[in-house]
Amino acid sequence: MEGLFYNVNGGYVEGVVRGYRNTLLTGQNYSNLTQCETIDDVKLQLSPAYGDFLASLPPNPSTSSLADKTTDKLVAEFRYIQGQATGTLAKFMEYLTYGYMIDNVALLITGTLHERDTRELLERCHPLGWFETMPVLCVATNIEELYNSVLIETPLAPYFKGSLSHQDLDELNIEIVRNTLYKNYLEDFYRFVNEHPEIRGTPTAETMSEVLEFEADRRAINITLNSFGTELSKQDRKKLYPEFGRLYPEGTLMLSRADDVEGVGLAVSGVHDYKSFFDTVGGGMNSSGPGNMSGGSGSDGKSLEDLFYQKEMEISKGAFTRQFTHAVIYAWVKLREQEIRNITWIAECIAQNQKERIGNYISVF
Amino acid sequence: MAAPPSAYKDRHFLAVIGDEDSVTGLLLAGIGHVTQPPDAQKNFLVVDSKTETSTIEQAFDNYTHDRKDIAILLINQHIAERIRHRLDTYTEAFPSVLEIPSKDHPYDPEKDSVLKRVRRLFGE
Amino acid sequence: MSGAGDREPVFPTRQSLGTMKSKLKGAETGHSLLKRKSEALTKRFREITKRIDEAKRKMGRVMQIAAFSLAEVTYAVGGDIGYQIQESAKNARFRVRTKQENVSGVFLPAFESYTKDENNDFGLTGLGKGGQQVQRCRETYSRAVETLVELASLQTAFVILDEVIKVVNRRVNAIEHVIIPRTENTIKYINSELDELDREEFYRLKKVKNNKQRDNEIAEKAEVEKKGKRQDSDKENEDGPEAKDVLGEEEDQDVIF
């Protein structure tokens, strides 16, 4: 039934996004990219996909400017779709931007805490996380003012409410603030796709639940792994786990008690996917540095983060097999982000002459 | 002959003048130090294309001359190029000024002030 | 001769000649000692410059690896962490202390790195995403900074040795080209002055002798004339005073030599 009326409002947008999906770089494109000798070659290889956006780059641009320009394209396309979206889709797209908003707000809070001129921070903010009242944040000169008069005006206000006071902003590490916000955001998003009367029970709810559950689990695992050896206590750590996902509640409970990598492995063993990740990584999460992301001592193996990214991409790819759903937009954004990361990675490898590691991009098409 | 101990015994920190990536990396290694407020002073300066040369010179003077707690000053070579005259005339032993490569600018021994002196000494 | 060239302002006496001679000897000893010191330092210096050259090249590689690990962080975190890092830096975890090393009497400072583990500003960076990369990147950069500290030690040693060698060489050259020639000049001058005095003395005595002889002759003549006036034929008397003069001359010569 849901398919009957989806196209009335969302059909055009969905079509456009599917079109965008087809312009994503394929494995063939990537293997061409990895053959490049200079950044200029990369630029040339990218010109069919990115065209005008790269035109203004100087010869042999830095990798960061390359990443900026490719992000510009994503933003432009996102804005276009957002302009077309109505109803729940518009709301859905707003939710997509909240994640970036959290990053931006965290940045601005950091700036305010250190009494920097936050205006110059605005250009560092992620354009997708831009909201109208953001420049207003710069007016605030201290944290209390920021909290009481500015943050409550932002779309993120509900995420602050109830879990963070203005003292917390002052005292807690900004990373904890960020992750608390993110947890609240994920939960809210999850509620939205599962409870909103127009989305509930549609393919959107199904697909998005899968994606968000995965995201929640990933964060929980990462937070646990990354908090070993830091001042983050187990209680505080538990507060950062989103309260849904495939690991919730038993897995997260075990995670909150885990003291080492084995503990994490045990906690996630209830879910087959994550268990196989841990098996692949093979307990090599110690300081010796497993996987391809380890600095300098890289091998062919994949790190846990890589496997998560890979999984995320597969889920995103899978989303396109469904029709009449908002999830394709989410999937497209994620795929495009990964593509930008891939391009940056390849460009970085070429620029820094580290060709042997160039194949570590993640391509699903 | 050698510098008196007072010239370096209080020097514990490294300072850095570099582009964003270099500074970030070095800070990650843990060299960053911000002195206590109210007179909070950082021991690093991020330079981008918009940074004035005078700002760099000022920071260079500050780290090499005014502050007595810096043992080593790291500076990106491409930034060193912008204030090359200062480096060429800088002959103090403390703090030691070290030119380091940056991500986008590989190291070029030809430009290094110290290596230039090495070559001059050996008449090459 | 004695006026040309630089010399010490001394009176040309035998005593100062002795002083100068010992000074020359001292200068020569000092010269050879300093020369040896300079050679030892230069050897060390060359070693250091060679190591600097190597270390600088090594640094290029190490920094490249480090920069690359930062690229990995950017990839894993999926964004820019630079600003956050800059703002959360508070206390230096990585510090250096300086110790001294004695090389041929020159104190060379060497930096030694140590970490204050209680200062950990970035433990939570990348908590939600990419934290492992961040930690690894920190390790990589720590290693890189250690290399940099090593290099800085070498470079400081280089700067100081350079200075010291310059001073030593200046001294060596000063002794070789100024002090020794000047002392030699002075000795030469004193010798020549003394010779001059000798010759003057000799000449003076000769003159004295001649004058005496002349006076004697005149006196003799006068006497002979007197005698001639009184006794016309008496030539035996001429030999008498002459024999006396010969004796006198011998006495004079003894005084001279």
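Reply: In this predicted model, five residue pairs, both members at pLDDT 80 or more, are in polar contact across the interface of chain C and chain B; a polar contact is a pair of N or O atoms within 3.5 Å, one able to donate a hydrogen and the other to accept it, with residues adjacent in sequence counting only through side-chain atoms on both sides. On the side of chain C that touches chain B, two or more residues come from each of α1 (14-77), α2 (82-88), β1 (94-103), β2 (106-115) and α3 of chain C, where helices (H or I, at least four residues) and strands (E, at least two) are DSSP runs numbered from the N terminus. Among these elements α3(C) gives the most to that side, namely 18 residues.

Salt bridges (Lys or Arg side-chain nitrogen within 4 Å of an Asp or Glu carboxyl oxygen) number zero between chain C and chain B. Together the two chains bury about 4,300 Å², of which 71% lies on carbon and sulfur atoms; this is the accessible area (1.4 Å probe) lost on being put together, summed over both parts. Chain C brings 51 residues to the contact and chain B brings 47, contact meaning heavy atoms within 4.5 Å.

As for confidence, the predictor gives the complex an ipTM of 0.83 and a pTM of 0.77. Chain C has a mean pLDDT (the predictor's confidence in each residue, from 0 to 100) of 80, with 85% of its residues reaching 70 or more. Within chain C, helix α3 (residues 131-230), the element that gives the most residues to the side touching chain B, has the highest confidence, at 88, whereas helix α4 (residues 236-256) has the lowest, at a mean of 51. Where pLDDT is low, the predicted coordinates should not be read in detail.

One further point concerns cysteines: over all chains, the count of disulfides (cysteine sulfur atoms within 2.5 Å) comes to zero. Cys137(C) is in no disulfide, and the nearest cysteine sulfur, that of Cys349(A), lies 15 Å away. Cys137(C) is buried, with 1% relative accessibility, where buried means under 20%, exposed over 50% and partly exposed in between (1.4 Å probe, protein chains only).

Residues are numbered from 1 along each chain as its sequence is written, and chains are lettered from A and ligands numbered from 1 in the order in which they are written. Local features need pLDDT of at least 70, side-chain atom pairs count only at pLDDT 80 or more, and totals for chains, interfaces and linings use all residues, while side-chain values use heavy atoms, leaving out hydrogens and water.
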